[in-house]
Amino acid sequence: MTPDEGPQDTVSRVPSKTTASLRSPIEVEVAERLAWLIRLRWLAVVGTLIAIAVADQVVPGTLPLGALVATTGFIAAYNLGLHFIARRLAGIPDDARRARYARRLIHFQVVLDLLCLTVLLHFAGGIDTPFWAFYVLHIIIASILLSPLSAYAYVGVAAVFYGTMVLLEFFGIIPHTHLNGMACPGHYAQWTVLLSTGSAFLATLFFSAWMATSISMRLRARDLELVRLNVELEHRADELGELNRRLQEIDEARKRFVRVAAHELRAPVAAIQSYARLILSGYVPAERQEEIITRVEQRALELLDRINDLLILSRIQEHVEKREQVNAAEVLEKVVELMRPAAEEKRLRLHVEVEPDLPPIFADREQIQHIWMNLISNAIKYTPAGGYIEVTLSHRPTSIIGSVRDSGIGIAPEDQEKIFQEFYRTEEAKQMAPHGTGLGLSIVKQIVEGLGGRIWVSSAPGKGSKFTFVLPRSDVPAPAEPAERDATDESRPPWPGG
Ligand code: ADP
């Protein structure tokens, strides 16, 4: 790990796929801060030149002006080079790559700056000059722009540079610049001075690094938290948008349903009202009155049927149900008993086949009864006299499968989805059985899906239909998918030979 990998580590601990985008703004801004550092150095160059000029006026002939100006010139020269490199770096489109290069360049600059500062300090009086405080600036910059580890590493680098310089002067290996009037001659060669200045130097630098890194770490953590919250907010906004869209869809469906329901209820009421008006206005001769009243009764019964179906539908939607362990075979047996007379009246052969040892399902008994009643009564209603109806009930590893097959009028492919919508009736069905609510299959579908199952139809016009539904068994754990689908059933023709 390089010293500057610290802040990235914090980023990588943030969970989820958003990690890549979760970069603290400080991280992303490293490249921009590089330009700021270069601008800061121009200021430092100008400041140093002014300080040299002032010192020359105040203590003329004390400082080696040539060496100081040459060092400052060197700083200006590498700053110019850095300026061009930074401009090229700004052109890198990838944020992460740009930040990585910028961070390396910042390391390079800090080392170079520390070195030049040490050289300047050497020419400006070595241990006697108070300007060693400028090391602190570099430590703060490293703490802000790099990792905490880097900041402490640079405390060490500064200590090595500064320590080497004062020790070389101490042992007379390099000459010491004496600051007239500011320090006693020989001051730099005393152990006590060396130790006190050295410890003040180290303590100041360490304390600065500690303060600056703890502040910048806290800022980074807060920055990161803000970025995380922002990403979370965006997610929430997306979710809310999706929920809103679904609510709008539901609202649209509800409005459509109310419109269609009102229309469907209005038709029989309007018919009853016009028959009543005919009788009341005396247009119906006495011998036809019974016929008209019979029609009124028929329309009233039709209306009652629709209202009953609507009530069932709303009970299902409000989940008013009493679930218990239900044996679908028992329910089927009772329904068949009830329906058989109607089938026999139409001379339809009604064949029932139930697999033995059928497992239970967890459902509302009345609803299961409703499924069978609806599918079998439809088969009777839409199968011409002399036809055939076959009802089967079997089980699979996680579900039970029921089917009602008939040799009736069949359903055109384009109608097969629509018949599960409220009030939809095919033209052929209307001709064959004028009275129907068009609500039965919609109720069946909602019951089946409410129980975690599925229902579908396979049919061909004139060849009959087969309705199949699957419901999850209650004696085994639910499968990952909703109740499994008997795919082979769909591909088979509904009625061999029609
Ligand atoms: P209804 O039978 O009262 O019209 P359903 O909701 O039960 O209402 O059925 C909707 C429509 O589906 C029917 O009008 C008919 O067009 C079609 N349908 C249902 N069952 C069959 C079937 N066994 N054979 C042919 N068509 C059917």
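## Ligand contacts

In this predicted model, a nitrogen atom of the ligand lies 2.8 Å from a polar side-chain atom of Asp-406. A polar side-chain atom of Ser-465 also lies 3.5 Å from a nitrogen atom of the ligand. On the backbone side, a polar atom of Leu-441 is 2.7 Å from an oxygen atom of the ligand. The protein buries 98% of the 530 Å² that the ligand exposes when taken alone.

## The surrounding shell

Strand β4 (residues 388–395) is joined to β2 (residues 349–354) by six bridges, and the two strands run parallel. Within this pairing, Arg-349 stands opposite Tyr-388 of β4.

β4 is also joined to β5 (residues 399–406), here by seven bridges and in antiparallel orientation. His-395 has Ile-400 in β5 as its bridge partner. Three residues lie between β4 and β5, and the two strands form a hairpin. Asp-406, whose side chain has the 2.8 Å pair with a ligand nitrogen atom, falls within the residue range of β5.

Definitions and conventions
Residues numbered from 1 in each chain as written. Predicted model: local features only at pLDDT ≥ 70, side-chain atom pairs only at ≥ 80, totals over all residues. Heavy atoms only, no water. Polar contact = N/O pair within 3.5 Å; in protein donor to acceptor, adjacent residues only side chain to side chain. Areas by Shrake-Rupley, 256 points an atom, 1.4 Å probe, with all protein chains shown as cover. Pairing = 2+ DSSP bridges. Helix = DSSP H or I, 4+ residues; strand = E, 2+ residues; numbered from the N terminus.
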